[in-house]
Amino acid sequence: LDDLQPAERALVEQATAPDGIDVAQLSTYLDQGVMETRNLACEKLLQQRVEMKLRGQQVSGVLNKLNVAQPAARDDVARPAFIPAAVATRRKYDAQDPARRLLERDLEAAGGGAGVYSVDLKKHYLMADAQWKYDVIPEIMDGKNVADFVDPDIEEKLAELEREDELLAAQGLYADDDASDDDEDKRIRDMARRIRARKQIIAQEARISNVNRPTLTARQKALSSASTPADFVDHLRKLGLDGDQAQATAERITRKRQRSESRDPALALAKRSGSLAARAVSVQRDRSQMGLKNARHKAASDKRRMAALREIYFKGKTGESDHKILNKMPKHLFTGKRSNGTNDRR
């Protein structure tokens with residue numbers, strides 16, 4: 001409007017003189033006033049819709065339900081809004097102002113940047129005394145403060161105890177007085193030493209003998225050892241015991257009966273049964289070779305049998321007796337599934 005001639009501008013003002021008409025200036029070429037014009041149009045449209053709803057019949061029912069209560073003044077005292085002095089005097093933040101308040105971002109930049117700067121969370125603690133913010137937090141265990149049980153002079157006390165122990169050792173307090181031991185104690189100590197040495201030797205021998213060998217049961221060990229009465233007597237004599245009585249007992253138990261074995265009917269029956277069993281075993285034959293003269297005939301028979309089974313194995317059968325017929329297209333998997341070109345029927 002500023003660029004128009006006075007006569008033309010007077011015509012525009014005369015056309016926009018009636019109430020309710022607003023004039024917006026914009027330029028799409030310079031992209032000026034476009035958003036202001038849009039906001040003005042939206043406000044006018046919203047105001048028009050609100051007025052149309054207020055003129056309707058439903059508004060009266062809604063307004064009757066609304067009640068805006070305005071509290072009545074109790075006295076003539078003025079109670080304005082309270083604005084703290086720190087807020088009223090706070091200046092707008094300006095990054096170029098050297099006297100600005102420091103933000104956490106400024107502290108981070110001064111402290112080395114991201115990854116180096118560590119945020120100080122204790123400065124925001126609310127304490128009765130500001131000096132308590134950076135105190136060490138006590139460690140509580142089982143309801144007790146661990147610091148109460150820490151001795152700050154423990155290292156000095158330990159060094160003093162070590163010096164005292166070295167002094168007592170130099171005086172011979174911890175020296176082993178072998179002369180005070182009597183002969184019985186020496187004998188017992190020597191026997192214990194030999195027993196320990198013997199046990200170590202036995203354990204090493206057992207470890208060497210059992211390498212890569214299966215573990216035998218007690219019965220197998222007894223049978224494999226095949227110990228004789230003479231071995232048992234020698235073992236007793238090695239232990240320092242009298243083996244004459246054990247040898248006499250073993251000879252009495254193992255002494256044979258006076259009656260001849262040839263006259264014993266039970267022994268004769270056992271021998272006869274053994275010969276019959278051996279004869280029965282010797283007459284057994286391989287059933288797969290029955291009816292065949294020699295190995296050549298058996299090889300030809302096996303070849304024909306494998307040729308007959310080749311088709312059975314090819315079909316995935318388990319053998320000649322497998323007559324199972326598998327369903328190639330199960331009805332529950334293929335019913336109703338239409339493929340391309342069969343959409344005219346199911």
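Let's start with Lys44: its relative accessibility is 35%, so Lys44 counts as partly exposed (buried means under 20% relative accessible area, exposed over 50%, and partly exposed in between, using a 1.4 Å probe and protein chains only). This is a predicted model, where local features need pLDDT of at least 70 and side-chain atom pairs count only at pLDDT 80 or more, while totals for chains, interfaces and linings use all residues. Residues are numbered from 1 along each chain as its sequence is written, and side-chain values use heavy atoms, leaving out hydrogens and water.

**Exercise 1.** Find out which residue forms a salt bridge with Lys44, and which parts the pair ties together.

*Solution.* 
- Step 1: Recall the idea that side chains of opposite charge can pair when their charged atoms come close.
- Step 2: Apply the cut-off: a salt bridge is a side-chain nitrogen of Lys or Arg within 4 Å of a carboxyl oxygen of Asp or Glu.
- Step 3: The partner is Asp22, with the closest N and O atoms 2.8 Å apart.
- Step 4: Lys44 sits in helix 2 (residues 34-54) and Asp22 in the loop between helix 1 (6-15) and helix 2, so the pair ties together parts 22 residues apart in sequence. Helices (H or I, at least four residues) are DSSP runs, numbered from the N terminus.
- Step 5: Asp22 has 43% relative accessibility, so Asp22 counts as partly exposed.

**Exercise 2.** Work out how Glu184 and Arg187 are placed in helix 7.

*Solution.* 
- Step 1: Glu184 and Arg187 form a salt bridge, with 2.5 Å between the closest N and O atoms.
- Step 2: Both belong to helix 7 (residues 183-209), and because they are 3 residues apart, about one helical turn separates them.
- Step 3: Glu184 is partly exposed at 39% relative accessible area, and Arg187 is partly exposed at 43%.

**Exercise 3.** Is Asp106 buried or exposed, and what does its side chain join up with?

*Solution.* 
- Step 1: Locate Asp106 in helix 5 (residues 104-110).
- Step 2: Its relative accessibility is 18%, so Asp106 counts as buried.
- Step 3: A polar contact of 3.2 Å joins its side chain to that of Tyr93 (a pair of N or O atoms within 3.5 Å; within protein, one must be able to donate a hydrogen and the other to accept it, and residues adjacent in sequence count only if both atoms are side-chain atoms).
- Step 4: Skipping neighbours within four places in sequence, Asp106 is in contact (heavy atoms within 4.5 Å) with Tyr93, Arg100 and Arg101.

Terms used:
Helices (H or I, at least four residues) and strands (E, at least two) are DSSP runs, numbered from the N terminus.
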